[in-house]
Amino acid sequence: MRLLLKKGWDITVRHKYVLVLLFLYRLLWGFFLYRFVDSVVTPILARYPEEHPNSDAAHLFLIEAQFRLLKTDLVNEVLWMLGGLLLLRMVLTPLLNAGVYYSFHHAVEGEGTRVLQGMRQVWKPVTALYWLENGLIILPAVWLLPLAKERFLSEPSLTAWLQGLLPYAVAWMALGLALHLLFQFMQFGAVSREGIFKGLGLALRRAFPLLGITFILLGIGLAVSATAWAVSLLWSGFLAVALHQAFHFVRSLLKLWTSASQYEVWCNTES
């Protein structure tokens, strides 16, 4: 495990310019998403009565908010905008993945980083696999969302409702992680021209080191997230803003390191 992590880190350092690109991608995506949510939520919250002249003030605010959400076109506009942002992300993300994975392959061979070349040459199979992966991950929602609605109407409290859905949520997350790792190895196979089915077989045969690498770096990411969250509670102002922006960089670094280390698992099984 330690050797795989070290080799993955070496590849990550060689892709420092890609790291900057991923950081800017996350930063801009977070900024535009925040501005969009702020433009919708702030006008509604601005009408919340700060001082309650009577006991019905807050109740009237909730009625007005419900009317704006259900009886106007606000929800449709928000959903269309969110759908457009999601579609844009699902177009850009596999392009970046194609370039990064292609660059991993040629960086191992000593040919340098070739992100743009990878985007041009292997974007089609990587994009197709990415969309198929997300479709399979979302598919259980067809069954889970009606179940959640039914239990919400039947459970006596919100706590009981959440506790009843917790096992399904954990199983869904485990399924999503398994599908992500399988499809990632299939994308490695597509990028290296070895074939997606070979990638699928390698992922199954090397499941233990693959999961080990993934959980180790996931644990590091959770520890960093907890630290950033704790610091943001203690300090505010410019320091909190700077810490939040730096956290985007750390997340991008861990994401790139994880993918590079997982690619090293692939390389160790090719021979």
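Reader: How many residues does the largest nonpolar core have, and which have the most contacts inside it?

Author: This is a predicted model. Its largest nonpolar core has 35 residues. Phe104, Phe185 and Trp266 have the most contacts inside that core.

Reader: Which helices each supply at least two residues of this core?

Author: They are α1 (2-14), α2 (16-45), α4 (74-108), α5, α7, α8 (196-205), α9 (207-234) and α10. Helix α10 gives the most, with nine residues.

Reader: What is Phe104 in contact with, leaving aside neighbours within four places in sequence?

Author: Phe104 is in contact with Ile11, His15, Leu256, Ser259, Ala260 and Tyr263.

Reader: How are two packed helices described?

Author: By the angle between their axes and the distance between the axes. Take helix α5 (residues 115-138) and helix α7 (residues 158-191). Their axes come within 10 Å and cross at roughly 165 degrees. An angle over 145 counts as roughly antiparallel, so α5 is roughly antiparallel to α7. The crossing is right-handed.

Reader: Which residues meet there?

Author: From α5, they include Val122, Pro125, Leu129 and Glu133. From α7, they include Trp172, Gly176, Leu179 and His180. The contact divides into 15 nonpolar residues, three polar and one charged.

Reader: Now Ser252. Is that residue buried or exposed?

Author: Buried means under 20% relative accessible area. Ser252 is at 0%, so this serine counts as buried. Ser252 is found in helix α10 (residues 238-270). Beyond four places in sequence, Ser252 touches Leu19, Leu22, Phe23 and Arg26.

How values were computed
Residues are numbered from 1 along each chain as its sequence is written. This is a predicted model: local features need pLDDT of at least 70, side-chain atom pairs count only at pLDDT 80 or more; totals for chains, interfaces and linings use all residues. Side-chain values use heavy atoms; hydrogens and water are left out. Helices (H or I, at least four residues) and strands (E, at least two) are DSSP runs, numbered from the N terminus. Buried means under 20% relative accessible area, exposed over 50%, partly exposed in between (1.4 Å probe, protein chains only). Contact means heavy atoms within 4.5 Å. Axes are lines fitted to C-alpha atoms, for helices over the stretch in contact, and angles run from 0 to 180 degrees between N-to-C directions. Angles under 35 degrees count as roughly parallel, over 145 as roughly antiparallel, 65 to 115 as roughly perpendicular and the rest as oblique. A crossing is left-handed if the near helix is turned anticlockwise from the far one by less than a right angle, and right-handed if clockwise. Ala, Val, Leu, Ile, Met, Phe, Trp, Tyr, Cys and Pro count as nonpolar, Asp, Glu, Lys and Arg as charged, and the others, Gly among them, as polar. A nonpolar core is a set of buried Ala, Val, Leu, Ile, Met, Phe, Trp, Tyr and Cys residues joined through side-chain atoms within 4.5 Å.
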